[in-house]
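Here is a short report on one protein chain. Look at the sequence and the model first, then read on.

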Amino acid sequence: MKALLIARRELAGYLRTLSGYIILAIILAVNGLFFNAYALGGASKRSAEVLSGFSYYSSGFTIVAAILVSMRLLAEERQTGTLPLLYASPVRDRDIVLGKFLAGLAFLALYLLLTLYMPLLVLVNGKVSFGHVFAGYLGLLLLGSASLAVGTFGSALAKNQLLAAIFSAVMLVALILCWLLARITEQPLSDVFSAMSLWNQHFPPFQAGLIHVRDVVYYLVVTYVALFAATRVLEARRWR
């Protein structure tokens, strides 16, 4: 319950400030340009190919949005000196982390909702598989959730928002590039690195309109582990 109250306050803060709308506007605009230029490009493309292209390009913008949203979640409290006030309140560290994460996830979901017009444009000249659309958006939400959780961890580590963005980007790029390590290592390490890959191993099925339990579980596990780590960072800092 306390986590939900924190989430509500944090989300209201996003919606009251100009920065939140600027992030939404810029990412939506660039995403729309990529969709028009690359996903829709070519009159002979089938609807499934357009939807797959939309999910492909939107996945990158979802990760970027998650970094931009998460960089302020905890780092801003430390930067402005309000973190001791949170520690003094009768709220557990896990509620603080969870509340801020839920606010960021709600904001990210709003961004994804605003992109819905793009796949629906396919209806103008073709047919849309709503199952494909659902699978694609589920994948984007899960990818965004995992990226946001990693960003929350980075925000917990950083002294300011810029460092938080850098830490988060480095960790996410490392997870994305695990597929390269899988190619140059031998088993069983190659299997481990392949399973750890944030995008290459787990997102393409969603992009193709398929939902695999293993991919859903992977993104949920990454989200949990990252939030658990962020909570431990707050707890360690509380007792310094």
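Helices (H or I, at least four residues) and strands (E, at least two) are DSSP runs, numbered from the N terminus. This is a predicted model, in which local features need pLDDT of at least 70, side-chain atom pairs count only at pLDDT 80 or more, and totals for chains, interfaces and linings use all residues. Residues are numbered from 1 along each chain as its sequence is written, and side-chain values use heavy atoms, with hydrogens and water left out.

**Annotated spans**

An unreviewed UniProt entry lists residues 21–42, 54–75, 96–118, 130–150, 162–182 and 216–234 as "transmembrane region". UniProt positions are given in the numbering used here, feature names are shortened, and annotations may be inferred rather than shown by experiment.

| Span | Distance between end C-alpha atoms | Helix | Strand |
|---|---|---|---|
| residues 54–75 | 32 Å | 82% helix | 0% strand |
| residues 96–118 | 35 Å | 91% helix | 0% strand |
| residues 46–214 | 28 Å | 75% helix | 0% strand |

**Helix 6 and helix 13**

Helix 6 covers residues 93–114, and helix 13 covers residues 213–238. They pack at an angle of about 130 degrees, with axes 9 Å apart. Axes are lines fitted to C-alpha atoms, for helices over the stretch in contact, and angles run from 0 to 180 degrees between N-to-C directions. The two helices are therefore oblique to each other. Angles under 35 degrees count as roughly parallel, over 145 as roughly antiparallel, 65 to 115 as roughly perpendicular and the rest as oblique.

Which residues of helix 6 meet helix 13? They are Asp93, Arg94, Ile96, Val97 and Phe101. Their partners in helix 13 are Thr223, Leu227, Ala230, Thr231, Leu234, Glu235 and Arg238. Contact means heavy atoms within 4.5 Å.

Thr231 sits in helix 13. Leaving aside neighbours within four places in sequence, Thr231 touches Asp93, Arg94 and Val97. Is Thr231 buried or exposed? Its relative accessibility is 8%, so Thr231 counts as buried. Buried means under 20% relative accessible area, exposed over 50%, partly exposed in between (1.4 Å probe, protein chains only).

**Leu140**

Leu140 lies in helix 8, residues 130–157. Leu140 is buried, with a relative accessible area of 0%. Beyond neighbours within four places in sequence, its contacts are Phe54, Ser55, Ser58, Ser59, Thr62, Leu112 and Phe203. Gln207 is 67 residues from Leu140 along the chain, yet their C-alpha atoms are separated by 8.9 Å.
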